[in-house]
Amino acid sequence: MTRDIYTWKGGSVGIAVSDNPDLWPSVGEYPFYDRILYYVMTHDHLRNAALGHALRAVAAGRRVIDIGTGRDLNWALEAAGHGAKHVYAIEAIQESHEMAIRRGAASPYADVIEVVHGTSFDVRPAERAEVCVAELIGSIASSEGMLAAMADAHERLLTHDGVVVPAACDTLVGAVSSRELFPDGPAFSRKALPYLRKIFDLYEQPFDVRLAVADPGPEVLLSTVGAVETLRFDGSTPLDDTTRVSLMIERDGAVDGLLCWIGLDAGAGARRLDSLLDKTSWMPVYLPVFDSLVRVRRGDELTVEFERRTSDDGVHPDYHVRGTLATSAGVTSGSLLSGHHEPQLGTKPIYRQLLEAIR
Ligand SMILES: C[S@@+](CC[C@H](N)C(=O)[O-])C[C@H]1O[C@@H](n2cnc3c(N)ncnc32)[C@H](O)[C@@H]1O
């Protein structure tokens with residue numbers, strides 16, 4: 001493990017970095033999609049099979065809107081290939097939009113696909129669409145702004161019976177130990193460093209970013225699994241909400257946080273994806289809810305309160321997570337504000353290890 005220095009106008013932090021690729025900032029909720037991230041999504045065969053299956057069922061003869069088409073124009077091409085009458089493909093990142101234009105022009109569907117630069121919140125298409133495809137799903141399902149984008153799409157961009165692909169997504173949680181997740185101590189993957197720096201540059205300071213874990217595997221769970229988000233994209237799910245779940249500890253050990261991952265229902269009977277069990281491009285997120293490891297035994301109970309509140313950008317949520325562990329030794333409570341860009345640094349021991357303030 002080495003330290004990389006990040007300096008901003010308020011000071012410097014030493015970022016713990018390792019060649020071990022376990023830990024990344026959660027990147028999907030920031031506008032830094034590049035060739036590598038698009039490549040990973042375009043080659044995520046399980047994801048693409050599920051979304052493609054759902055789109056095939058609804059695209060033929062319809063007007064389709066593809067929100068966040070990306071540089072590869074994946075869903076616009078898929079919809080056109082299934083006989084969509086017209087596809088209005090929107091991309092927020094200028095460079096990705098330019099690549100998408102070239103991709104569309106070189107495809108057999110140049111006369112069907114219209115590629116537009118901007119965010120879905122800004123566009124004014126000539127007609128409403130009957131189908132919307134939008135893969136704005138994060139490792140916490142709502143974290144990339146899917147709910148805000150769908151609320152706006154149902155209000156302005158879709159017909160009253162407009163269908164959305166994917167149809168629904170859950171955020172699932174289970175109790176974990178950071179010591180088991182990061183046996184050599186936490187450190188960001190060296191490959192993740194450029195993304196971390198860009199995120200800090202965007203908000204002009206380092207902060208406690210969400211922590212994404214590569215391939216943790218279901219064996220890291222110490223508890224049963226619960227759903228803290230059950231999102232439907234038909235316009236019925238509120239932007240802000242609070243849920244409570246109770247998890248049972250299933251093996252003896254120690255707990256200091258939660259692992260979050262998604263269960264995706266693309267729609268039309270597509271195979272449901274579980275990003276912890278299936279190999280997909282969604283990395284589970286570790287939320288350090290407790291300040292230190294709490295010893296647990298099989299049969300103990302962890303209650304989780306999960307509050308989703310839209311941040312001040314109006315699109316991306318912040319999450320307030322409260323955990324209460326009832327063990328034979330008593331009751332231990334912990335809480336975490338996992339903000340999209342909340343200016344807080346070192347709020348938990350793991351963040352102080354990862355981003356050490358330099359005096
Ligand atoms: C997770 S990627 C998906 C890319 C592609 N649709 C796919 O599934 O392979 C999300 C893309 O949506 C773009 N994006 C996010 N929110 C958007 C919005 N509200 N309007 C337009 N583009 C958006 C991002 O820049 C990024 O290219």
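This is a predicted model: local features need pLDDT of at least 70, side-chain atom pairs count only at pLDDT 80 or more; totals for chains, interfaces and linings use all residues.

Student: In which loop is Asp312 found?

Tutor: Residues are numbered from 1 along each chain as its sequence is written, and side-chain values use heavy atoms, with hydrogens and water left out. Helices (H or I, at least four residues) and strands (E, at least two) are DSSP runs numbered from the N terminus. On that numbering, Asp312 is found in the loop between E19 and strand E20 (317-327).

Student: Is Asp312 buried or exposed?

Tutor: The classes rest on relative accessible area, with buried meaning under 20%, exposed over 50% and partly exposed in between (1.4 Å probe, protein chains only). Because its relative accessibility is 71%, Asp312 counts as exposed.

Student: What distance separates the C-alpha atoms of Asp312 and His341?

Tutor: Asp312 and His341 are 29 residues apart along the chain. The separation of their C-alpha atoms is 9.2 Å.

Student: At what angle do helix H2 and helix H3 pack?

Tutor: Axes here are lines fitted to C-alpha atoms, for helices over the stretch in contact, and angles run from 0 to 180 degrees between N-to-C directions. The axes of H2 (residues 45-56) and H3 (residues 74-81) are 10 Å apart. The angle between these two helices is about 40°.

Student: Which term describes how H2 and H3 lie to each other?

Tutor: Angles under 35 degrees count as roughly parallel, over 145 as roughly antiparallel, 65 to 115 as roughly perpendicular, and the rest as oblique. With an angle of about 40°, H2 and H3 are therefore oblique to each other.

Student: Which residues of H2 and H3 make the contact?

Tutor: Contact means heavy atoms within 4.5 Å. From H2 come Arg47, Asn48, Leu51, Gly52 and Leu55, and from H3 come Asn74, Trp75, Glu78 and Ala79.

Student: Why is H3 described as largely enclosed by the rest of the structure?

Tutor: The buried residues of H3 are Asn74, Trp75, Ala76, Leu77, Ala79 and Ala80. H3 is largely enclosed because the buried ones number six of its eight residues.

Student: Which positive value of phi does Leu73 take, and is Leu73 buried or exposed?

Tutor: Leu73 is found in the loop between strand E4 (63-67) and H3. Its phi is near 60°, a positive value in a residue other than glycine. With a relative accessible area of 0%, Leu73 is buried.

Student: How many residues apart in sequence are the parts that Glu356 and Arg3 tie together?

Tutor: A salt bridge is a side-chain nitrogen of Lys or Arg within 4 Å of a carboxyl oxygen of Asp or Glu, and Glu356 forms one with Arg3, their closest N and O atoms being 3.3 Å apart. Glu356 lies in strand E22 (residues 355-358) and Arg3 in strand E1 (residues 2-8), so the parts that this pair ties together are apart in sequence by 353 residues.

Student: Is Arg297, which meets Asp252 in a salt bridge, buried or exposed?

Tutor: The side chains of Arg297 and Asp252 meet at 3.6 Å, N to O. Asp252 is partly exposed, with a relative accessible area of 41%. At 53% relative accessibility, Arg297 counts as exposed.

Student: Which residues are linked in a network of salt bridges?

Tutor: The structure holds 20 salt bridges. Those linked in a network are Arg244, Glu305, Glu307, Arg309 and Arg322.

Student: Which residue does a cis peptide bond join to Val165?

Tutor: The bond has an omega of about 0°.
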